[in-house]
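Hi,

Here is the structure I promised to pass on. Have a look, and my notes follow below.

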Amino acid sequence: MIWLIAAVGLAAVVVIAFVSVGIAVGRLEQETAPSVYRLAEAVEYVADRLPDEVTARISYDDVRTVLSWHLDWFAAVGLATSHGQELGDPAVAVGDMAVADTGAACDAVVARSLEEGGPDPVDVVCILEAQLAYLAEIGAVSAGEPPA
């Protein structure tokens, strides 16, 4: 009789454990992992993927400057935060997601480059396109279509 009670107790513990693990896995499956942006890695990634015509005109410092301006824009619209903070504000929220307007970002960075005597606008656009590929690779942006 004691073996039957022990077996039923053990079975109950195992079932509770499996259900708890299943619930935790389901909850974690729906959460997005935080993306960590490292400027040095981004500069290397972007510089390696620029067309030869662009790399003939700009330096690594130019790439770093443009990427920093892009990050400044992300911070200004509430899309870049310190660890643990919520992303976005009502201006960039679509449903429960924060969405960046890549056209507005590009316009802002090109305007800043023109104001501060930075790289040519064509070079800036090439840098930003490679930057978006880097952001997609680290999981910071979706590679798919933006939500409507």
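The sulfur of cysteine 106 has its closest cysteine sulfur in cysteine 126, 9.8 Å away, and that is too far for a bond. A disulfide here means a pair of cysteine sulfur atoms within 2.5 Å, and by this rule the count is zero. Cysteine 106 is buried, with a relative accessible area of 19%, and cysteine 126 counts as buried at 19% relative accessibility too. (Buried is under 20% relative accessible area, exposed over 50%, partly exposed in between, using a 1.4 Å probe and protein chains only.)

Before you go further: this is a predicted model, where local features need pLDDT of at least 70 and side-chain atom pairs count only at pLDDT 80 or more, while totals for chains, interfaces and linings use all residues. Residues are numbered from 1 along each chain as its sequence is written, and side-chain values use heavy atoms, with hydrogens and water left out.

On confidence, pLDDT is the predictor's own score for each residue, from 0 to 100. The protein chain averages 81, and 78% of the residues score at least 70. Helices (DSSP H or I, at least four residues) and strands (E, at least two) are numbered from the N terminus.

Now the aromatics. Rings of Phe, Tyr and Trp (its six-membered ring) pair if their centres lie within 6.5 Å; planes under 30 degrees apart are stacked, over 60 edge-to-face, and the rest tilted. The whole structure has two such pairs. Tyrosine 37 and tyrosine 134 have ring centres 5.6 Å apart and planes at 80°, so they are edge-to-face. That pair links distant parts of the chain, since tyrosine 37 sits in the loop between H1 and H2 and tyrosine 134 in helix H6 (residues 121-137), 97 residues apart. Tyrosine 37 is partly exposed at 22% relative accessible area, whereas tyrosine 134 is buried at 4%. The other pair, tyrosine 45 with tyrosine 134, is tilted, at 5.2 Å centre to centre and 55° between the planes. Tyr37, Tyr45 and Tyr134 form one aromatic cluster.

Arginine 49 also lies over the face of tyrosine 45, 3.6 Å from the ring centre; the rule is NZ of Lys or CZ of Arg within 6 Å of the centre and within 35 degrees of the ring normal.

Cheers
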